[in-house]
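Let's walk through a structure together, one question at a time. Have the sequence and the 3D view ready.

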Protein chains: 2
Amino acid sequence: MLVNVTKESLLHALQHVLKAVVANSPNPILSGIHIQAYEKALVFTASNTSMTIQYRVPEDKDSMNVQRTGGIVVPARYLSEIIRRLHAGWIAFESEEPFILSITSGDSHVRLCGLDPAEFPPVHSPSTDAEPACKFQIQNDVLRSAIRQVCVAASTSDSRPVLTGVSFEFTGENLSLMATDGIRFASRTLHTGYNINNGTNVIVPAKNINEIVKMLSDDKAATEIAVSRHQISFTANELHVQSVLIEGVFPSAVKNVIPQSCKSELLIGPYGFLQAVERVSVLAGGNIIRLTAASGKLVLLSGTSDIGEVRDEINLEAMEGDDFTIALNGRFLLDILRCLDSGSLRVRYTGKESPVVILTTDPLSPALFLITPVRTHD
Amino acid sequence: MLVNVTKESLLHALQHVLKAVVANSPNPILSGIHIQAYEKALVFTASNTSMTIQYRVPEDKDSMNVQRTGGIVVPARYLSEIIRRLHAGWIAFESEEPFILSITSGDSHVRLCGLDPAEFPPVHSPSTDAEPACKFQIQNDVLRSAIRQVCVAASTSDSRPVLTGVSFEFTGENLSLMATDGIRFASRTLHTGYNINNGTNVIVPAKNINEIVKMLSDDKAATEIAVSRHQISFTANELHVQSVLIEGVFPSAVKNVIPQSCKSELLIGPYGFLQAVERVSVLAGGNIIRLTAASGKLVLLSGTSDIGEVRDEINLEAMEGDDFTIALNGRFLLDILRCLDSGSLRVRYTGKESPVVILTTDPLSPALFLITPVRTHD
């Protein structure tokens, strides 16, 4: 391998693939970055076995040229620390001896001991995958907002793996994203514009998909999503990311417990609501905050004995139905409010022990959240 | 107490005093902030017993007015988290019941349980101190640069307390700052413009003084320093900080081991040197880097078996004397290079096992550093 590439292009590629590197893996190959020089492109790959990130730097007279093809795996941490400290401008990567990468930039010469690229986890090309069940495109800003909202409700405990994932459910041209940890539930429906077979439902690890959407920098561009039996892949320009799927059946029955009627409904401006919940959360013992809706206002209360209490109130844009008081986990409410894009919220009270329903009013991003209330003794 | 103060003024005051708050002190009063409303000022104080920070918000029609004097101590963490989340604009602090602070801003009402201000560590006013041995002023940017440079060499281990401090030694109109951890030594001399008694030498904890100089935001303003038998204080505008002194005798004999002659002397541009040392440090096993000066160049080498090696070189601005090779702790060298202001460096080689001397060439900031070389077997 002999390649010339600018520091800027290298850093850009590394910044993407580093997210899949395992910092101190017992298997050193997973702490490495696979660098492969093809005729017309230099490809960087990192994998933590659950997610594989690939970034392709195409040939370009101003930023990259390949003089001799070849591949190597080098320790990610050392590679990125060295590249960051080199002078701006051209950097030469050369590998003459097996598994040794020589890096040269100006008067700086680095020899980095590498590993055999044959040991690196293979990347399945989506085009060679035996059964690509479906393929479609979604605009980046829409995908990012939807994933952020739904991931809020995914579980972070490994005791039930299916709950750590986001369910992708295809119905006609619609894709329903859903997640729940048993106490919270979030769902959002996206229009794909492609008629996709029913039954190709998959569960994607929330942790992976959350990282993936953060990498989609160009809001108005689209990402191609390909779903097959054992993996899902996301392709956006030079970036290609694959994630494993979670085996199992998503508890879709949750959808059936969404209360269809309610005792009261509030219309609330999201920003003032978020700020008030943030304030009362500071002193919320056990994260519990109490909401009381009455006479066009929502009163928020929290307290911890020996420390103090907060009382806040916000004006409602509208209220229908009876006055009510309910106790919620303030952190769960904050998680939801922090990932909303814009527009007012509908908050539905369905009974003292039945979930609170939160709906966005923006018709382009119809998200639905449920929070099970906290049982209190008063 | 009844005070109206703007959120901005409050946050500014809190941001200063929070640095002395002990996060989870077994003594809750040290996790608190003392708020005292005087006729014409609101004074915030925090203390970790080693350092006390006081910030005074003066009466001003646009930002603070006192309607009723009084004092209270409230938990720092909760106070600052709440203030940050309140609306911009006026905030009212009221304490009617003993040790309860009511905070009101718009529709937000907070009651915070406080503590008895009588239990708070007393602040010694410099004017009432029995024996203020000396008092002088230094411009903030000069003081900050000097303290940063000298603190580099202070020890972080508590095994010999005097080595965790910076020695202030007064001679005529000069103040010599010195620190050493036994392997490194740093010194810088400042001209105070005041003739100060000989013999008023004190040792100030490096940790405290490092925090203090970071707070001196206005470069061209001056800070008043008052030294007495048991404490040193720094006053800059509305900020007043006191630090305890470290008992004991600073090993001033170190000064006498500064090599007066050398075998070679290099003149080096500091920025290129810093960058090269940063690069070779990435792969420096045991932090050891090797410097070789010959034919107008300085070659830097480091390596770790199984990982790799780096070779870097920089052009010297000048060199006198013999070629040499020496092994140094790269981290120690980086610490020094990172705190230099500008101008070239003189690096003096005084023998294979005798300290390397680094001198700044800027006559306005004459700093001197010693690093003991690492003994190697080649």
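The questions below go from the whole chain to single residues and pairs.

This is a predicted model, in which local features need pLDDT of at least 70 and side-chain atom pairs count only at pLDDT 80 or more, while totals for chains, interfaces and linings use all residues. Residues are numbered from 1 along each chain as its sequence is written, chains are lettered from A and ligands numbered from 1 in the order in which they are written, and side-chain values use heavy atoms, with hydrogens and water left out.

Q: How many helices and strands does chain A have?
A: Helices (H or I, at least four residues) and strands (E, at least two) are DSSP runs, numbered from the N terminus. The C-alpha atoms of chain A fill a box of roughly 75 × 50 × 35 Å along the principal axes. In that chain there are six helices and 25 strands.

Q: What share of the residues in chain A is buried?
A: Buried means under 20% relative accessible area, exposed over 50%, and partly exposed in between, using a 1.4 Å probe and protein chains only. Contact means heavy atoms within 4.5 Å, and residues 24 or more positions apart account for 66% of the contacts in chain A with a separation of 6 or more. Of the 378 residues in chain A, the buried share is 52%.

Q: Which elements of chain A do the buried residues of α2(A) pack against?
A: Helix α2(A) is mostly covered, with seven of its ten residues buried. Those buried residues are A:Ala76, A:Tyr78, A:Leu79, A:Ser80, A:Glu81, A:Ile82 and A:Ile83. Their packing partners in chain A are α1 (7–17), β2, β6 (70–75), β7 (90–94), β8 (100–105) and β9 (108–113).

Q: Are α5(A) and α2(B) roughly parallel or antiparallel to each other?
A: Two packed helices are described by the angle between their axes and the distance between the axes. Here α5 (residues 270–282) of chain A and α2 (residues 76–85) of chain B pack at about 170 degrees with axes 9 Å apart; axes are lines fitted to C-alpha atoms, for helices over the stretch in contact, and angles run from 0 to 180 degrees between N-to-C directions. Angles under 35 degrees count as roughly parallel, over 145 as roughly antiparallel, 65 to 115 as roughly perpendicular and the rest as oblique. The pair is therefore roughly antiparallel.

Q: Which residues of α2(B) meet α5(A)?
A: From α5(A), the residues involved are A:Glu278, A:Arg279 and A:Val282. By class, this contact has three nonpolar, no polar and four charged residues, where Ala, Val, Leu, Ile, Met, Phe, Trp, Tyr, Cys and Pro count as nonpolar, Asp, Glu, Lys and Arg as charged, and the others, Gly among them, as polar. On the α2(B) side, the residues are B:Tyr78, B:Glu81, B:Ile82 and B:Arg85.

Q: Which side chain does that of A:Glu265 join in a polar contact of 3.1 Å?
A: A:Glu265 sits in strand β17 (residues 264–268) of chain A and is buried, at a relative accessible area of 16%. A polar contact is a pair of N or O atoms within 3.5 Å; within protein, one must be able to donate a hydrogen and the other to accept it, and residues adjacent in sequence count only if both atoms are side-chain atoms. The partner at 3.1 Å is A:Arg346.

Q: How far apart are the closest N and O atoms of A:Glu59 and A:Lys40?
A: A salt bridge is a side-chain nitrogen of Lys or Arg within 4 Å of a carboxyl oxygen of Asp or Glu. A:Glu59 counts as partly exposed at 33% relative accessibility, and A:Lys40 as exposed at 54%. Their salt bridge has its closest N and O atoms at 3.3 Å.

Q: How many residues apart in sequence are the parts tied together by B:Glu353 and B:Arg375?
A: The salt bridge between B:Glu353 and B:Arg375 has its closest N and O atoms 3.8 Å apart. B:Glu353 lies in the loop between β23 (345–349) and β24 (356–360) of chain B and B:Arg375 in the segment after β25 (367–371), so the separation of the parts is 22 residues.
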